[in-house]
Amino acid sequence: MIKRWKKKTRGKKLISLHHSNASVFLVLTITGLLLYLPALRPILLQVRVWVKDIHIYIGLLSIFILMLYMPLFTKHFQQLVKKKGPIVNLLFVLLTLVGLLMTGVILWLQRYFTSDLSSLSLILHDFLTWVLVPYAIYHSITRSKTIKKAERNPIKEPYVIDKTNPILGRRSFIRMLVGTGVTISIAPFFLKWFMETFTVKDLPTYGKKIAMENKMVPAPHPAPESLQPIGGGARGEFRPYTVTEVPTSSSDDWNFVIDGLVGKKLTYNWKQFLDIPRTVQVSDFHCVTGWSVESVTWEGILLKDFLNMAGVNNRAKFVKFYSGDGVYTDSLSLTESMMEDVMVAVLLDGKPITAEYGGPVRLVVPKMYAYKSVKWLNRIELIEEDHTGFWEQRGYDKNAWVNKTSM
Ligand code: HEM
Ligand SMILES: Nc1nc2c(c(=O)[nH]1)N[C@H]1C(S)=C(S)[C@@H](COP(=O)(O)O)O[C@H]1N2
Ligand SMILES: [Mo]
């Protein structure tokens, strides 16, 4: 009798932990998906950083819950071994979860890890989500059915782990495996549908190819070091991010301005712009969400050369950057602007930068997170007081240095 009672409370404890885990998992999945589809939803722009903070906060909470589960887990595990229960099932869920939590922590603290590690973590974090979410959906559907069945038949105790119990029995395990297989094979189609259905139609990135491309004639002529990208070219993939539609430009009406607290305001049309001497650099590109692209060969005009050409008024303390999208801005201090690798880029690995990636002209600030690297750059203004950029107004750190040590 006592043994039976003990079994039952342990079962109940497991069930209640299971339920809190499930709801935490749901919140993480929802906030995670919102983060994954971010630039798509203009409403979400305002709250993206909150969603991120909630995701991390709940993520840390889930680690705590999982640690609470550990003593119970060992018992549960031993019990399953004894009863020849579905161990593979349990291990699969647990390992996937631990993987998600570990990669999540690395993403959270990415500044303290190498960019390779955080890039890899983001890929794994995505992958494990796509493995675990379909599984969890399938699991919760079958589980609620079996629990209902068990409720209809109250003689059997639903929560005691037993080979004959329909919840954790071998047959349901096989069914679960089959179901997981089916769900995983369906997932890509579901995802494609999901992306197409819920993508805001006027944002052509993500999934949909943009119909329009820039019409800039003549095309910029790449320097030899660009044409054979130094180091062979970029390694990794850019994820095209935009908070607006992708603006396209034509050399007919495109121009570039540097004004504000300058000695002389400079205005260029495309042809004049192409006459400015360019340099070539190889640098890494880091987005604050965790992905990086390494050894990108950029060709363009150093920002410091621009500033020297225009002449800096001694009241000028900051440099503000404007995007042709009419919305996005950011800034650097004058000292930061003088760094050797801050570039107004025109070519990426020897090719004109496409509209999607910020062409015809984008800023590149390799030592800082890429929200500083304003796309469709068309105006540089020298100012006295600092300006808070688009993402910084919405919660991203004013300190965008990739390495905390270079603060
Ligand atoms: C069941 C657990 C989890 C799921 C299903 C999940 C899901 C996701 C998804 C889908 C993304 C978007 C990835 C992308 O943009 O490609 C994401 C991002 C992220 N996750 Fe998780 N996650 C989980 C747990 C955690 C934990 C425990 C942490 C840390 C404590 C964490 C931290 C992060 C961070 C820092 C990001 C990047 C946010 C950004 O876009 O800036 N996640 N997660
Ligand atoms: N105009 C504009 N510039 C922008 C952004 C944007 O949304 N609009 N996103 C920034 C962010 S957060 C990143 S990570 C990079 C992404 O560059 P990519 O789209 O070429 O990958 O552009 C940066 N510059
Ligand atoms: Mo970014």
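This is a dialogue on how to read some features of a predicted model.

Student: What share of the contacts in the protein chain join residues at least 24 apart?

Tutor: Counting contacts between residues at least 6 apart in sequence, 72% join residues at least 24 apart.

Student: Next, the metal. Which protein residues are donors of the iron atom of ligand 1?

Tutor: For a metal site, list the donors and then look at the angles. The protein donors here are His-55 and His-125, each through its NE2 atom, lying 2.0 Å from the iron atom of ligand 1. His-55 belongs to helix H2 (residues 42–83) and His-125 to helix H4 (residues 115–152); the pair is 70 residues apart and links distant parts of the chain.

Student: What is the geometry of the site of the iron atom?

Tutor: The site is octahedral, with six donor atoms and angles of 85 to 179° among them.

Student: Are His-55 and His-125 buried or exposed?

Tutor: Both His-55 and His-125 are buried.

Student: Now the nonpolar cores. How many residues has the largest nonpolar core?

Tutor: It has 48 residues, and those with the most contacts inside it are Phe-256, Phe-273, Val-344 and Ile-380. Helix H8 (residues 303–310) gives the largest share of this core, four residues. A second, separate core has 16 residues, among them Trp-291, Trp-298, Ile-353 and Ala-370.

Student: What does Ile-380 touch?

Tutor: Setting aside residues up to four places away in sequence, Ile-380 touches several residues, including Phe-256, Val-257, Ile-258, Leu-303, Phe-321 and Val-344. Asp-259 and Lys-320 are also touched by Ile-380.

Student: How does one read the buried side of a helix, and which residues of H8 are buried?

Tutor: An α-helix has 3.6 residues a turn, so residues three or four places apart point the same way. In H8, the buried residues include Leu-303, Lys-304, Phe-306, Leu-307 and Ala-310. These residues lie on the same side of H8 because they cover an arc of only 155° around the axis. After H8 comes Gly-311, with a positive phi near 80°.

Student: How do the strands fit in? How many bridges join strand E3 to E4?

Tutor: For strands, ask which ones pair and in which direction they run. Seven bridges join E3 (residues 279–286) to E4, and the two run antiparallel. Gln-281 stands opposite Trp-298 in E4. E3 and E4 form a hairpin with five residues between them, and Gly-290 in the turn has a positive phi of about 130°.

Student: Which strand is joined to E4 by five bridges?

Tutor: That is strand E7 (residues 343–348), which runs antiparallel to E4. Ile-301 has Val-344 in E7 as its bridge partner. Strand E4 (residues 292–302) is mostly covered, with eleven of its eleven residues buried.

Student: Where does Asp-349 lie?

Tutor: Asp-349 lies in the loop between E7 and E8, and its phi is also positive, near 50°. Asp-349 is buried, with a relative accessible area of 15%.

Student: Which peptide bonds are cis?

Tutor: Among them is the bond from Val-217 to Pro-218, with omega near 0°. Pro-218 is in the loop between helix H5 (170–198) and helix H6 (224–227). A cis peptide bond also joins Gly-359 and Pro-360, with omega about 15°. Pro-360 is in the loop between strand E8 (351–352) and strand E9 (362–364).

Student: One last residue. With which residues is Gly-350 in contact?

Tutor: Leaving aside neighbours within four places in sequence, Gly-350 is in contact with Pro-222, Ser-226 and Leu-227. Gly-350 lies in the loop between E7 and E8 and counts as buried, at 8% relative accessibility. The C-alpha atoms of Gly-350 and Ala-223 are separated by 7.6 Å, although the two residues are 127 residues apart along the chain.

Note on methods. Residues numbered from 1 in each chain as written. Chains lettered and ligands numbered in written order. Predicted model: local features only at pLDDT ≥ 70, side-chain atom pairs only at ≥ 80, totals over all residues. Heavy atoms only, no water. Donors = N, O, S within 2.8 Å, 3.2 Å for Na, K, Ca; no water. Tetrahedral: all angles 85-135°; square planar, octahedral: opposite > 155°, others 65-115°. Buried < 20%, exposed > 50% of the residue type's maximum accessible area, 1.4 Å probe, protein only. Core = buried A, V, L, I, M, F, W, Y, C linked by side-chain atoms within 4.5 Å. Contact = heavy atoms within 4.5 Å. Pairing = 2+ DSSP bridges. Arc of directions from axis to C-beta.
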